[in-house]
Amino acid sequence: MKPVDDYFFNQKEPYQSIMLYVRGVILNTLPEVEERFSYKIPFYNCHKKPMIYLNVLKGTNYVDVAFVQGILLENQFPILKNDNNRKQVRSIQLKTLEDLDHDNFVALLHEASNVLSKSKKAWFI
């Protein structure tokens, strides 16, 4: 089993179900995305740059679906939040599967891929 699979299957519910669902949406929406295991969490790279990562932050009760260049997307997608005063990363915080608006998330994935394809580097701040 790949390390990223181990990561998902070692999560407690409801985090495991949420992460597996989000993973499926990402992989089905963006066939060009590459799933990697970096910094002990799943990353999704697009155009050879990190685009999204999934994590459950210590002391929280949600899955953090974090967009690396989220600062460039937050005006168009107000669901993206600046948790922990991050300079560039913005995220969607999911406590349940019902918290995710599927159609809006798919639109966000497409726009994030588009923004990343035009960017010279992933981490710019």
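First, the ground rules. Residues are numbered from 1 along each chain as its sequence is written, and side-chain values use heavy atoms, with hydrogens and water left out. In this predicted model, local features need pLDDT of at least 70 and side-chain atom pairs count only at pLDDT 80 or more, while totals for chains, interfaces and linings use all residues.

Let me start with the cavity. Rolling a probe the size of a water molecule over the atoms shows where empty space is left. A cavity here is a set of points, on a 1 Å grid over the protein atoms alone, where a 1.4 Å probe fits but cannot get out. Searching the whole structure gives one cavity of 30 Å³ or more.

What lines the largest cavity? Lining residues have an atom within 4 Å of a point, and they are Pro50, Met51, Phe67, Val68, Gln69, Gly70, Leu73, Ala112, Val115 and Leu116. Strand S3 (49-55) and helix H3 (102-118) are the elements that give two or more residues to that lining. H3 gives the most, with three residues. Helices (H or I, at least four residues) and strands (E, at least two) are DSSP runs, numbered from the N terminus. By type, the lining has eight nonpolar residues, two polar and no charged. Ala, Val, Leu, Ile, Met, Phe, Trp, Tyr, Cys and Pro count as nonpolar, Asp, Glu, Lys and Arg as charged, and the others, Gly among them, as polar.

Next, strand S4, residues 63-67. Five of its five residues are buried, meaning under 20% relative accessible area, with exposed over 50% and partly exposed in between (1.4 Å probe, protein chains only). Val63, Val65 and Phe67 point one way, and Asp64 and Ala66 point the other way. Phe67 is also one of the cavity-lining residues.

Two strands pair if DSSP finds at least two bridges between them. S3 and S4 are antiparallel over four bridges, and Tyr53 has Ala66 as its bridge partner in S4. S4 and strand S5 (residues 90-94) also run antiparallel, joined by five bridges; there, Asp64 has Gln93 as its bridge partner in S5.

Now H3. Its 17 residues should span 24 Å at 1.5 Å a residue, and the end C-alpha atoms are 25 Å apart, which agrees. The expected span is 1.5 Å times one less than the number of residues. Phe105, Val106, Leu108, Leu109, Ala112, Ser113, Val115 and Leu116 are buried in H3. The buried residues of H3 pack against helix H2 (15-29), strand S2 (41-46), S3, S4 and S5.

Last, the backbone. Most residues other than glycine have a negative phi, and most peptide bonds are trans. The peptide bond from Glu13 to Pro14 is cis, with omega near 5°, and Pro14 sits in the loop between helix H1 (3-9) and H2. In the loop between S2 and S3, His47 has phi near 60°. Lys48, in the loop between S2 and S3, has phi near 65°. Buried or exposed, where does Lys48 fall? Lys48 is exposed, at 83% relative accessible area, whereas His47 is partly exposed, at 36%.

Notes:
On a 1 Å grid over the protein atoms alone, a cavity is a set of points where a 1.4 Å probe fits but cannot get out, and a pocket is an open set with protein on both sides within 12 Å along at least five of seven lines; lining residues have an atom within 4 Å of a point. Grid points are joined across faces, edges and corners, and a volume is the space filled by probe spheres set on the points. Contact means heavy atoms within 4.5 Å.
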